[in-house]
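Good morning, and thank you for joining this group meeting. Please look at the sequence and the structure as they come up.

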Amino acid sequence: MSRIIYPGTFDPIHNGHIDIAARASKLFDELIFVVAVNNDKNPLLSTEERVELILDSTKHLDNVSAHKFTGLVVNYAVDCDAVAIIRGLRHVSDFEFEFQMAMMNYHLNSDIASLFMMPDEKYIHLNSTVVKDVVRLGGDIDEFVPKPVKDILLSKYSR
Ligand code: ADP
């Protein structure tokens, strides 16, 4: 049984994340989204809301699940018996940060591989911050996120 984890903030999940999960889930028996609880990004959505939206948005992928986690990603990978960490790469600008992170993770535990994948080009410019900004300013995000994600964002910003 080969298992991979997909760590991130996912505030909220969008179609770029789903594209990466769909691709990676074909290469492994199981893919687990791991949603960071204690990050300094001050998320709009609670950890539970982010996990729920991931589960709802990936229910068509039967080997994908989602959990929250605190602490070091490599330790979490060991705890759930994963062999690798998957991360998405959009631009060269992502590479520098991801390279540093991968090197630190190898330093912490060289048994856990770091893998990178590019999404379909239509998702290259997509990120969670842009999605939230567009909703907040009254724009349409139908092509960027599944409907439950749009609904929760609309309800947050209409308060
Ligand atoms: P972070 O982990 O930096 O808080 P996110 O939770 O938004 O960021 O992203 C989690 C992972 O998904 C990261 O590897 C990130 O590069 C990747 N990702 C984010 N947006 C996209 C996208 N549009 N296409 C592919 N991968 C993406």
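Strands β1 (residues 3-8) and β4 (residues 84-88) pair in the parallel sense over 2 bridges. Strands here are DSSP runs of E with at least two residues, helices are runs of H or I with at least four, and both are numbered from the N terminus; two strands pair if DSSP finds at least two bridges between them. Within this pairing, Ile4 has Ala84 of β4 as its bridge partner.

A word on the source: this is a predicted model, in which local features need pLDDT of at least 70 and side-chain atom pairs count only at pLDDT 80 or more, while totals for chains, interfaces and linings use all residues. Residues are numbered from 1 along each chain as its sequence is written, and side-chain values use heavy atoms, leaving out hydrogens and water.

In what order do the strands of the open sheet stand? The order is β3-β2-β1-β4-β5, with parallel pairing. Strands β3 (64-69) and β5 (113-117) each have a single partner strand, so one side of each is left without a neighbour in the sheet.

Let us turn to the aromatic rings. The structure holds 5 aromatic pairs, where rings of Phe, Tyr and Trp (its six-membered ring) pair if their centres lie within 6.5 Å; planes under 30 degrees apart count as stacked, over 60 as edge-to-face and the rest as tilted. Tyr6 and Phe10 have ring centres 5.2 Å apart and planes at 80 degrees, so this pair is edge-to-face. Phe10 and Phe33 are also edge-to-face, at 5.1 Å centre to centre and 70 degrees between the planes. Phe10 lies in the loop between β1 and α1 and Phe33 in strand β2, so their pair ties together parts 23 residues apart in sequence.
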